[in-house]
Amino acid sequence: MIIVDRPETLVIGYAVRTTNADEADPSRARLPGLWARSGVPGAFAHIPGRVDENLYAVLFDYDGSDQQGAYTQVVGAAVRTLARLPEGMVAVRVPAVPSLKVEAHGPMPQALIEAWQEVWRHTEAGSVPPRAFTTDLEIHHPAGVDLYLAVLSTPVPAHERAQA
């Protein structure tokens with residue numbers, strides 16, 4: 001994990017509200033349906049001003065300051081502007097903030113699950129920097145997934161910072 005300066009990103013997509021406890025129970029899990037809907041070829045082709053072909057997942061609106069509370073996840077496409085919102089979709093602005101970057105490579109979804117487990121261990125151990133639980137971002141691309149987790153401001157020497 002490294003600290004990077006994550007740039008602002010605008011995402012348009014489909015949203016669900018859930019908890020990690022619900023996602024652990026297949027009868028209550030909402031994310032598989034969200035990802036099935038979002039993973040259909042061309043699901044976001046009609047969104048104007050797309051930045052690229054990657055899928056973006058934004059996690060935000062956290063209840064509390066740990067991974068036990070509810071949160072909202074939007075899966076969609078990054079866009080240049082929020083000119084037009086397709087029916088049934090929402091828009092979210094992911095602010096530019098210092099973030100912990102975690103890379104997931106290998107067979108999906110297992111590699112992504114393992115990356116999130118690493119993040120949860122980091123959080124539960126009280127590791128520095130602590131997560132902010134404000135707005136987190138996953139970028140799904142052909143080589144894997146990059147997770148950008150907002151962190152609380154802590155002084156980081158310039159030589160230890162990287163650009164996203």
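Which side chain does a polar contact of 2.7 Å join to that of His140? The first point below takes this up, after a word on conventions. This is a predicted model, in which local features need pLDDT of at least 70 and side-chain atom pairs count only at pLDDT 80 or more, while totals for chains, interfaces and linings use all residues. Residues are numbered from 1 along each chain as its sequence is written, and side-chain values use heavy atoms, with hydrogens and water left out.

1. The partner of His140 is Glu138, the two side chains being joined at 2.7 Å; a polar contact here is a pair of N or O atoms within 3.5 Å, where within protein one must be able to donate a hydrogen and the other to accept it, and residues adjacent in sequence count only if both atoms are side-chain atoms. His140 sits in strand 7 and is buried, at a relative accessible area of 16% (buried means under 20%, exposed over 50%, partly exposed in between, with a 1.4 Å probe and protein chains only). Not counting residues up to four places away in sequence, His140 touches Trp35, Asn54, Leu55, Ala57, Leu112 and Val145, contact meaning heavy atoms within 4.5 Å.

2. Glu138 also belongs to the lining of the largest pocket, where it is listed with Leu31, Leu112, Ile113 and Trp116 as nearest the centre. The space in this pocket is about 770 Å³, a volume being the space filled by probe spheres set on grid points that are joined across faces, edges and corners. On a 1 Å grid over the protein atoms alone, a pocket is an open set of points with protein on both sides within 12 Å along at least five of seven lines, as against a cavity, where a 1.4 Å probe fits but cannot get out; lining residues have an atom within 4 Å of a point.

3. The lining comprises 29 residues, which divide into 17 nonpolar, nine polar and three charged (Ala, Val, Leu, Ile, Met, Phe, Trp, Tyr, Cys and Pro count as nonpolar, Asp, Glu, Lys and Arg as charged, and the others, Gly among them, as polar). Helix 3 (110-124) is one of the elements that supply at least two lining residues, and with five residues helix 3 gives the most. Helices (H or I, at least four residues) and strands (E, at least two) are DSSP runs numbered from the N terminus.

4. By the ring rule, under which rings of Phe, Tyr and Trp (its six-membered ring) pair if their centres lie within 6.5 Å, with planes under 30 degrees apart stacked, over 60 edge-to-face and the rest tilted, there are four aromatic pairs. The pair Tyr62 and Tyr71 has ring centres 5.9 Å apart and planes at 35°, so it is tilted; both residues are buried, and together with Phe133 they form one aromatic cluster. The rings of Trp116 and Trp120 are likewise tilted, because their planes stand at 35°, with centres 6.3 Å apart. These two tryptophans lie four residues apart in helix 3, about one turn; Trp116 is buried at 11% relative accessibility, whereas Trp120 is partly exposed at 27%.

5. Tyr56, in strand 3 (residues 55-60), is buried at 6% relative accessibility, and its side chain makes a polar contact of 2.7 Å with that of Asp52. Leaving aside neighbours within four places in sequence, its contacts include Thr9, Val11, Gly76 and Glu138. The C-alpha atoms of Tyr56 and Val11 are separated by 7.1 Å, although the two are 45 residues apart along the chain.
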